[in-house]
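Q: Hi! Could you walk me through this one while I have it open on my screen?

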Amino acid sequence: MCLGVPGKIVEIYEANGLAMGKIDFGGVLREACLTYVPEAKVGDYVLVHVGFALNVISEEEANETLALLNEIVNLEEELPTQD
Amino acid sequence: MDTKLRYGFRDTKLVQAKVRQIQKLVTRPWAIMEICGGQTHSIKKFGLDQLLPPEIEFIHGPGCPVCVTSLELIDKALQIAALPNVIFTSYGDMLRVPGSKGDLFSVKANGGDVRVVYSPLDSLKIAQENPRKEVVFFAIGFETTAPANAMSVLQAEAMRIDNFSLLVSHVCVPPAMRAILNSPSNRVQGFLAAGHVCTVMGYWEYIPIAEEYRVPIVVTGFEPLDILEGVYRVVRQLEGGTHEVENAYSRLVTYEGNRAAQKVIQQVFEVCDRKWRGIGTIPKSGWKLRDAYLKFDAEHRFDTQAIETQESPLCIAGLVLQGLKKPYECSAFGTLCTPQNPLGATMVSSEGACAAYYLYSRNLESPKMNHV
Ligand code: SF4
C-alpha cells in the first residue's frame, strides 16, 4: 500500500470542494484527489498513493537520470573494461 | 514517457552496467538497509540481491506499515469491527494480520461488517451513505498515507459527517532510523531512504541523522535501476569515507517535499510515542490526531477493553524487522507460516520481508532478470 503508482491525468474536476482527477493507470481509469498537486495539468504524470496524488513526476528529471545511466553503458562500450 | 516511466528504469542493459559499476567500486563487505518494504519487495522480485557482488548485504528495514502496526491496535480493531452498529473499513492487507485472537477476516466471517477500501475517501463516502452506522477507517501507514488520512478528517469536518472516525496507527521513518542506529546490535552502515516517504516529507530530516551517526543516506526509488543507483551511491560514499544525504530519486523528490501535504498533516496530527509490533515503543515515532479532532478518533469514540496480547511463540518477526535475522532463519518460515496462513505480520503484506522471501525464493535457482 505504501507503493505509489504513477498515472496520467486525463481530466480535472471538483467534488465536495476538493480538486479531483481521472487518472489513467496504464489503461485503467481511477479517481484521485489532486488537492496536494495544485500545479498539475491534464497530461501530467502523478504519483498516486491511496487515492491522493502526492507529486507530479518530473519528465525532465526522469529523462536526465536515464540519459546519465545510458552514458555509463556508452562509456563502457568505448573503453575496454579491465575485467 | 509512458513506456519510459514503466520500463526505462528496468532496462536490462542498464541494470547490468550499473551492477558492473558497483562491482568495480566495492573492496570490502558493506551492510545496507533499505528502510521501505516496497524496496524489499523489488529487491526480491527482481533478484537484485543475487545480481550484486557478495560483499553487499541488504538488511531489510521495518518500513512496512502492515507489519509494524502493534498487536494492541490490531486487537482494538478486532473489537471495534465486531460491534453491531459498526462498518469497519481497511486496506485489504490488514484483514489477514493476526491479532491475539483471530484477524479481521474472522470477524467478517462471524458477521462483522468489514469492508476493504482503496482510499480513506472511499470510507468517508460509506459513512455518508450509511448515516445510521458508525464507520471506522483503520488509518495505518507511514508518511505516505498521512496526507490522505489527514484530508479525510478535514473533509469529514467540512461536510459534517459525524459518524466517521479513524483508528490511527501512524508511524514515521526518521525516529525508526535513529532507533536502529542507537541499538547496540546495529550492523547498518548506510541507508536507502524510502523514496515515496520523501516525496511527501522531503529529505531535510535526514541531514542531522547522517551527520550525527556518520552514515550515508541516499533517497532511492523502487524500480531496479533506482535501487541499484541508490546502492551505488551508498557504496561510493562508504568506500570514500563520507556520510552525506544524496537524492537518487529526483524525478519525484525535492529537498523540502510536498509543503501543502506537510501543512495538512501538521494541522491534523501531532507527534506521539508509538509502539511498533515486534520492536516496542519508539519515542516520538508516530502521529496521533490533535485534540481539536478528538471526535474523529476511534480510540476515543469506542470503549475497548485492554486484553492480554499474545504473539505466536514461534514468530521472530521482531528480529527480522530490526535486521538481526533473515526470514529463513525462522523455524516456522514456509512450513507453519505462509502467506495463506501467516503467524506473524511480516508474512502478510507483500511488503513484509517474510512474504517477499517466500514469494520470490524461486529467484535463488532461476536466472534473475527474467522477471523484469
Ligand atoms: S516466517 Fe512467519 S513466524 Fe517466522 S518470523 Fe516471519 S512472520 Fe514470524
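Q: How do strand 1 and strand 4 of chain A pair?
A: Strand 1 (residues 5-15) of chain A and strand 4 of chain A are antiparallel, with four bridges. Pairing here needs at least two bridges found by DSSP. A:Val5 is the residue opposite A:Val48 in strand 4 of chain A.

Q: Before I go on, what should I keep in mind about the model and the numbering?
A: This is a predicted model, where local features need pLDDT of at least 70 and side-chain atom pairs count only at pLDDT 80 or more, while totals for chains, interfaces and linings use all residues. Residues are numbered from 1 along each chain as its sequence is written, chains are lettered from A and ligands numbered from 1 in the order in which they are written, and side-chain values use heavy atoms, with hydrogens and water left out.

Q: And what counts as a helix or a strand?
A: Both are DSSP runs numbered from the N terminus: helices are H or I with at least four residues, strands are E with at least two.

Q: Thanks. Is strand 4 of chain A buried or exposed?
A: Five of the five residues of strand 4 (residues 45-49) of chain A are buried, so the strand is largely enclosed by the rest of the structure. Buried is under 20% relative accessible area, exposed is over 50% and partly exposed is in between, using a 1.4 Å probe and protein chains only.

Q: Which way do its residues point?
A: A:Tyr45, A:Leu47 and A:His49 point one way from strand 4 of chain A, and A:Val46 and A:Val48 point the other way. In a regular strand the side chains alternate between the two faces of the sheet.

Q: What about strand 5 of chain A?
A: Strand 5 (residues 52-56) of chain A runs antiparallel to strand 4 of chain A, and four bridges join them. A:Val48 has A:Ala53 opposite it in strand 5 of chain A. The two strands form a hairpin with two residues between them, and A:Val50 in the turn has a positive phi of about 35 degrees.

Q: Switching to chain B: what is the strand order in the sheet of six?
A: That open sheet runs 4-3-5-6-11-10 in chain B, with mixed pairing. Strand 4 (113-116) and strand 10 (269-276) of chain B are at the edges with a single partner strand each, so one side of each has no neighbour in the sheet. Neighbouring strands are turned by 25 degrees against each other on average, direction ignored.

Q: Which helix packs on that sheet?
A: Helix 9 (residues 146-158) of chain B does, touching strand 5, strand 6 (164-171), strand 10 and strand 11 (280-289) of chain B. Its direction makes about 155 degrees with that of strand 6 of chain B. Contact means heavy atoms within 4.5 Å, and angles run from 0 to 180 degrees between N-to-C directions, with axes fitted to C-alpha atoms, for helices over the stretch in contact.

Q: How do strand 3 and strand 5 of chain B pair?
A: Strand 3 (residues 86-90) and strand 5 (residues 134-141) of chain B are parallel over four bridges, and B:Ile87 stands opposite B:Val135 in strand 5 of chain B.

Q: At what angle do helix 9 and helix 14 of chain B cross?
A: Roughly 60 degrees, and the axes of helix 9 and helix 14 (residues 259-268) of chain B come within 9 Å. That makes helix 9 of chain B oblique to helix 14 of chain B; angles under 35 degrees count as roughly parallel, over 145 as roughly antiparallel, 65 to 115 as roughly perpendicular and the rest as oblique.

Q: And helix 2 with helix 13 of chain B: what is the angle there?
A: Helix 2 (residues 12-25) and helix 13 (residues 224-240) of chain B pack at about 15 degrees, with their axes 10 Å apart. That makes helix 2 of chain B roughly parallel to helix 13 of chain B.

Q: What is the order in the sheet of five strands?
A: It is 2-1-7-8-9 in chain B, an open sheet with parallel pairing. Strand 2 (56-63) and strand 9 (245-247) of chain B are the edge strands, each pairing on one side only.

Q: Last one: where is B:Leu294?
A: B:Leu294 is in the loop between strand 11 and helix 15 (298-301) of chain B. B:Leu294 is partly exposed, with a relative accessible area of 28%.
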